[in-house]
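Trainee: I'd like to go through this model with you and hear what stands behind each label. Can we look at it together?

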Amino acid sequence: MFELNKSDFGVYELYQLIHPQTGSGFDIVPGCGANVISIKMAGKEILDAHRTPEDLAAGSWSKSAVLFPFPNRLKSGHYQWNGIEYVFPINNAATQNAIHGFVQKTNFELVQTQLESDAATITCRYTHDGSNPSYPFSFELELRFAFHLPGTFTMGFTVRNTHHHAIPFGLGWHPYFNLGGTAQEHKLKLPPSSMVEIDSVMIPTGARTPYVAFNALTTIDATFLDNCFEAVNNQVESYTLQLESSSDGILLKAPVDQFPFFQVFTPPHHQSVALEPMTCNVDALNNGEGLIRLESGKEWSSEFSIEYYSN
């Protein structure tokens, strides 16, 4: 039977959903962006996340951040909607762009927890009243995190438009994984996809390049990636990102129609690999590629999963 343990985590409260007999489960901090700070599969940590309240408050590398209303970069922080220009603060100094939206440190309300013999779920919700001048549109963002034995973690999203007209958005998640050793020692396999070509400040040029380097499970080694990819549909319902160590691996599976883009990042600290499913392309509030237009009073939902296996 799964158990729920609560404890202080700095100024926040940490919720641990754990199956004591197997050591499987996850930890989450709803009060700071509903940030997942641990995922354990049969007692083994697979997530490179914020381990201390100080790290979580700093938010470095955007570890496990929910990215909304846009993932990745927004050119110069500017976009237009219904003929009106809006501006997000520049928070990516290296490129002078805005990055990753604005909910990664917001206070999510705990809506529900559910504990079963072989599964555990926690639901969190953020309600935005439209008071942010960068995104003056009211909405509800509901997140559902679940663990299913023996080793599947799922993350679900529901966006409800409570504004008086249609709103634009994209979303994603920014987890980093380490299955043992350095990032370069891991093997990676990507689905059929094309790489989004970018300019000097990491904004798409509009071009695509077929990418085949990781069509088969291949050791990352010296390869550096901080790139967005568009999955090639090939009439499949979902695509899979595979990461593997010498002893085990994970399969991140996302629906290709709702998360057609993904980012892969091998950070310079060599400690982990970020696999980031995204509903849209980089700078989607400007180029419209994958951007979701949600009408007033409507809602949008989707989910993806992470499956664990042993070699």
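**Reading the labels**

Mentor: Let's begin with the largest pocket, which has a volume of about 350 Å³. Closest to its centre, out of 19 lining residues, are Ser62, Arg73, Asn92, Ile99 and His100. Keep in mind that this is a predicted model, where local features need pLDDT of at least 70, side-chain atom pairs count only at pLDDT 80 or more, and totals for chains, interfaces and linings use all residues. Residues are numbered from 1 along each chain as its sequence is written, and side-chain values use heavy atoms, with hydrogens and water left out.

Trainee: What makes something a pocket and something else a cavity?

Mentor: Both come from a 1 Å grid over the protein atoms alone: a cavity is a set of points where a 1.4 Å probe fits but cannot get out, while a pocket is an open set with protein on both sides within 12 Å along at least five of seven lines. Lining residues have an atom within 4 Å of a point. As for volume, grid points are joined across faces, edges and corners, and the volume is the space filled by probe spheres set on the points.

Trainee: How many cavities are there of 30 Å³ or more?

Mentor: Three. The largest cavity has a volume of about 60 Å³. Its lining is made up of Asn35, His50, Leu56, Gly59, Ser62, Lys63, Ala65, Gln104 and Lys105.

Trainee: Why are two residues of that cavity lining called nonpolar and two charged?

Mentor: Because Ala, Val, Leu, Ile, Met, Phe, Trp, Tyr, Cys and Pro count as nonpolar, Asp, Glu, Lys and Arg as charged, and the others, Gly among them, as polar. The lining of the largest cavity therefore divides into two nonpolar, five polar and two charged residues. The largest pocket, by class, is lined by six nonpolar, ten polar and three charged residues.

Trainee: Is Cys32 buried or exposed?

Mentor: Buried means under 20% relative accessible area, exposed over 50%, and partly exposed in between (1.4 Å probe, protein chains only). Cys32 has 1%, so it's buried. Cys124 is at 0%, so Cys124 counts as buried too.

Trainee: What about Thr154, buried or exposed?

Mentor: Thr154 has 11% relative accessibility, so the label is buried. Thr154 belongs to strand β14 (residues 152-161). Leaving aside residues within four places in sequence, its contacts are Arg144, Phe145, Ala146, His148, Phe304 and Ser305.

Trainee: What makes a stretch a strand, and what makes two strands a pair?

Mentor: Helices (H or I, at least four residues) and strands (E, at least two) are DSSP runs, numbered from the N terminus. Two strands pair if DSSP finds at least two bridges between them. β1 and β2 (residues 12-19) have seven bridges in the antiparallel sense, so they pair. Asp8 is opposite Glu13 in β2, and Phe9 is opposite Tyr12. Two residues lie between these strands in the hairpin, where Gly10 takes a positive phi near 65 degrees.

Trainee: Why are β1 and β5 called edge strands?

Mentor: Because β1 (3-9) and β5 (44-45) each pair on one side only. They belong to an open antiparallel sheet of five strands, in the order β1-β2-β3-β4-β5.

Trainee: Which order do the strands follow in the sheet of nine?

Mentor: That open sheet, also antiparallel, runs β11-β12-β13-β14-β28-β24-β23-β18-β21. Its edge strands are β11 (109-115) and β21 (218-219). Six bridges join β11 to β12 (residues 119-128), and Leu115 has Ala120 as its bridge partner in β12.

Definitions and conventions. Contact = heavy atoms within 4.5 Å.
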